[in-house]
Amino acid sequence: MTDLEKKLLDSVPNELFIGGHWRGSSSNTTLAVHDPATGEVVRDIADATPEDGMAALDAAVAAADSWASTPARERAEILRRAFDLVQARKEDFTLLMTIEMGKPLAEARGEVAYGGEFLRWFSEEATHVQGRYGANPENTGRMFVTQHPVGPCFLITPWNFPLAMATRKIAPALAAGCTVVVKPAALTPLTTLLLVKILQEAGLPDGVVNVVTTSSSSAVSGPIIADPRLRKLSFTGSTPVGQALLRQAATGVLRTSMELGGNAPFVVFGDADLDKAVDGAIAAKFRNIGQACTAANRFIVHSSIATEFARRVTERVDAFGVGRGTEDGVTIGPLIDGKAVAKAEELVTDAVQRGATVTTGGAAIDRPGTFFAPTVLTDVAPGSEILHEEIFGPVLAIATFDTDDEAVSLANDTEYGLVSYVYTEDFRRGQRMIERLQTGMMGLNVGVVSNAAAPFGGWKMSGLGREGGAEGIHEYLQTKYTLTPSPFAD
């Protein structure tokens, strides 16, 4: 670890943030944060108990009324100041994410730009919340429809995009007038702690945002979700965990937003521009080392071009640099932990046993850290586990099709429906794919779809609700209808 890295890590708070104050765990215990590229412990931070979690909820509840009544313009200005502060410290956020998550510096810089944009976008949306007024159909009264903050929220963020997943939840909640308790993933909590320090510097009142870091997620989350004062739960993570949280949330009839698993198809038709399709494939698959819910999981390629497509992507993947994300020339960093490496190995082994061919990579790399070689598989057979399970690693698996109907059937043959990618030069075919593919998002001749101004979310078992876009703030608002007598009534 370099002196610059040590200095940065020392500047990041290592305590819980509750009621505007940094404090240790009530049990005086800590959890270790590791660099997945080396296995080295980089920081010990407070390990919250259930009591700490409830103290955070108490603080959010105590601040709720005051924050809800804070003028929208004031809330907006705090978010905008936070955006400016994040940009001013973008290199700190970049390096910090590379240390704790493993992504290369170039990708971490991209996340700073993307994640910061939620602060700016929702600073603008804060002042745009509107209602409506009008006569009822009988003209006997006047209807007022108004929007109000839903109340205290519990936000559970994942490890793979430590900044963007935090801002994508925190920013709309604050813009809507809600207070929050944030529980970042135990694997990558440092970025959230630095972000909250920035929010404090931006002038956020005490208790509006509270952060609990913990190694006992279910123990800390359970009492918070069960408390009747909580009114909203937002979670990004796996579908099984989301299902468990939905069952818990049902008791209190909580508003929920769930951004869950994905199994994205990447469909390449015979008329596609192969140069564009290969560029899009590399972006859609290997962004964030393949550890993204939006990562292309199944490459469904027309049989007439499958051999050439595989040759081109293999050539590109062979040129990747693998190593710690801070090193020059690195495009593929480590997977987050040993379990991720083992899963990638199992999926590749199953596919090969069923007849797939490895054109490059295919195994873990024997070096410190948790590295898996970027991999391309061809001739992946129906029934292979890799076509049904989310890979979450740098493995590009190619299957083939012959007809449009077959492509649609293969693409939709999953319980998930987060995002799809389609490459075709036929405009009408592209329009048909928009209509036929069962996903909440789609990239038509593009390999990356995420944008703060767009509604992010899926269909089927990929989740509920939307984050980002004009829709994002409405996840944190509730509607009230009021009827008054007609002003012209006697």
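Two residues are in contact here when they have heavy atoms within 4.5 Å of each other. By that rule, and leaving aside neighbours within four places in sequence, Asp227 is in contact with Met54 and Leu57. Please keep in mind that this is a predicted model. The briefing starts with the whole chain and then visits a handful of residues.

**The chain as a whole**

- The protein chain folds into 15 helices and 22 strands. Its radius of gyration is 24 Å, close to the 23 Å from the globule rule for 490 residues, so the chain is as compact as a globular protein of that length.
- If you picture the C-alpha trace along its principal axes, the spans are about 75 × 65 × 40 Å.
- Of the 490 residues, 56% count as buried.
- Among contacts with a separation of 6 or more, 73% come from residues 24 or more positions apart.

**Surface and charge**

- The chain exposes about 19100 Å², and carbon and sulfur atoms supply 52% of that area.
- There are 43 positive and 59 negative side chains. The centres of these two sets lie 5 Å apart.

**The loop between E5 and E6**

- Asn136 sits in the loop that runs between strand E5 (132-135) and strand E6 (141-149). Asn139 belongs to the loop between E5 and E6 as well.
- Asn136 has a relative accessibility of 10%; buried means under 20%, so Asn136 counts as buried.
- The side chain of Asn136 reaches the backbone nitrogen of Thr140, at 2.9 Å.
- Beyond residues up to four places away in sequence, Asn136 touches Gly141, Met143 and Leu483.
- Asn139 is partly exposed, with a relative accessible area of 46%. This residue is not a glycine, although its phi is positive at about 60°.

**Another positive phi**

- Lys460 is found in strand E20, which covers residues 459-460.
- Phi of Lys460 is near 50°, a positive value in a residue other than glycine.
- The relative accessible area of Lys460 is 37%, which makes this residue partly exposed.

- You will find Asp227 in the loop between helix H8 (217-226) and strand E10 (232-236).
- With a relative accessible area of 12%, Asp227 is under the 20% cut-off and therefore buried.
- A polar atom of the Asp227 side chain lies 2.8 Å from the backbone nitrogen of Arg229.

**Two residues at 0% accessibility**

- What is the relative accessible area of Gly393? The value is 0%, and Gly393 is buried.
- Gly393 lies in the loop between strand E15 (375-378) and strand E16 (395-401).
- Setting aside neighbours within four places in sequence, Gly393 is in contact with Lys285, Ile289, Gly290 and Leu335.
- Phe320 is 73 residues from Gly393 along the chain, and their C-alpha atoms are separated by 14 Å.
- Val33, in strand E3 (residues 30-34), counts as buried at 0% relative accessibility.
- Which residues does Val33 touch, not counting those up to four places away in sequence? Its contacts are Glu40, Val41, Val42, Arg43, Ile45, Glu100, Ala186, Leu187, Pro189 and Leu190.
- Val33 and Gly20 are 13 residues apart in sequence, and 24 Å separates them in space from C-alpha to C-alpha.

**Pro240 in helix H9**

- Is Pro240 buried or exposed? Its relative accessible area is 53%; exposed means over 50%, so Pro240 is exposed.
- Pro240 has its place in helix H9, which covers residues 239-251.
- From Pro240 to Trp67 the C-alpha distance is 34 Å, and the two are 173 residues apart in sequence.

Definitions and conventions: Residues are numbered from 1 along each chain as its sequence is written. This is a predicted model: local features need pLDDT of at least 70, side-chain atom pairs count only at pLDDT 80 or more; totals for chains, interfaces and linings use all residues. Side-chain values use heavy atoms; hydrogens and water are left out. Helices (H or I, at least four residues) and strands (E, at least two) are DSSP runs, numbered from the N terminus. The radius of gyration is taken over C-alpha atoms; the globule rule is 2.2 Å times the number of residues to the power 0.38. Buried means under 20% relative accessible area, exposed over 50%, partly exposed in between (1.4 Å probe, protein chains only). Accessible areas come from the Shrake-Rupley method with a 1.4 Å probe; for residues, only the protein chains shown count as cover. Lys and Arg count as positive and Asp and Glu as negative; His and the chain ends are not counted. The place of a charge is taken as NZ of Lys, CZ of Arg, CG of Asp or CD of Glu. A polar contact is a pair of N or O atoms within 3.5 Å; within protein, one must be able to donate a hydrogen and the other to accept it, and residues adjacent in sequence count only if both atoms are side-chain atoms.
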